Amino acid sequence: MDSLDLDQVMDEIIPRGDNRPLAPPAPNYPVRQRPRATDDATAALDLVSQAAAAIKELEKQSAQAVARAHSAANAVREKLERAEDRGDRAEAALRKSESEAAELSAALIQTRKDLEGVQSQLAARQAELAAMEQRAIAAEKRASESDASVQRIVDAIRTQLPVKVAEQAKPAA
């Protein structure tokens, strides 16, 4: 901050370079007022000194306030930077999560397609198995019927063979 040059201000108010003597008091003024003029000058100098001291105190307080403001601004800037970093990390995590969710979604769709294909194959195999079971049942039934037919034939042969063998043995005997 630019500080006020007290000497310059005082020179403007009370020129020091001017060596002219003060004008003699007017003849109708009493002599006792002359010392009052020097008291007024002293009082004015005191007021100027007090004003300068007040200005310096204000400048000091202003400088301190500015320093506190800079400190607060730096603290806020650092908090903002940390918040921005957290925001950036959160956005990165969100993008990663969205990417993973998209990958999982694609994997789920593929898994559903695979499951539908396996279910279709299973249904076809079950239909084939049911048809095979029906054919096996029919084959078993035919086999049982064939066995029963063979058994009847064997039984018929046994019942008739001894008779025919006996009949054939009779003429020869």
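Colleague: In which helix does I153 lie?
Modeller: The model discussed here is a predicted one. Its protein chain has two helices and zero strands. Of these elements, the one that holds I153 is helix α2.

Colleague: How much accessible area do I153, I157 and L161 have together?
Modeller: These three residues form a nonpolar patch on the surface. A residue joins such a patch only with over 30% relative accessible area and no salt bridge. Taken together, the accessible area of I153, I157 and L161 is about 280 Å².

Colleague: Which residue forms a salt bridge with R77?
Modeller: Side chains of opposite charge can pair when their charged atoms come close. The structure holds two salt bridges. In the one that involves R77, the closest N and O atoms are 3.5 Å apart, and the partner is E81.

Colleague: About how many helical turns separate R77 and E81?
Modeller: R77 is partly exposed at 41% relative accessibility, and E81 is likewise partly exposed at 37%. Both belong to helix α2, where they are four residues apart. Their separation is therefore about one helical turn.

Colleague: What is the N to O distance in the salt bridge of E128 and R125?
Modeller: E128 and R125 are three residues apart in helix α2, so about one helical turn separates them. Their side chains meet in a salt bridge, for which the limit is 4 Å between nitrogen and carboxyl oxygen. The N to O distance is 3.6 Å.

Colleague: Is R125 buried or exposed?
Modeller: The cut-off for an exposed residue is over 50% relative accessible area. E128, at 40%, is partly exposed. R125 has a relative accessible area of 53%, and therefore R125 is exposed.

Colleague: Which residues gather with R82 in a patch of positive charge?
Modeller: R82 lies in helix α2. With a relative accessible area of 42%, R82 is partly exposed, and a patch requires over 30%. The residues that gather with R82 on the surface are K79, R86 and R89.

Terms used: Residues are numbered from 1 along each chain as its sequence is written. This is a predicted model: local features need pLDDT of at least 70, side-chain atom pairs count only at pLDDT 80 or more; totals for chains, interfaces and linings use all residues. Side-chain values use heavy atoms; hydrogens and water are left out. Buried means under 20% relative accessible area, exposed over 50%, partly exposed in between (1.4 Å probe, protein chains only). Patches are made of residues with over 30% relative accessible area and no salt bridge: like charges are joined within 9 Å, nonpolar side chains (Val, Leu, Ile, Met, Phe, Trp, Tyr) within 5 Å. Accessible areas come from the Shrake-Rupley method with a 1.4 Å probe; for residues, only the protein chains shown count as cover. Lys and Arg count as positive and Asp and Glu as negative; His and the chain ends are not counted. The place of a charge is taken as NZ of Lys, CZ of Arg, CG of Asp or CD of Glu.
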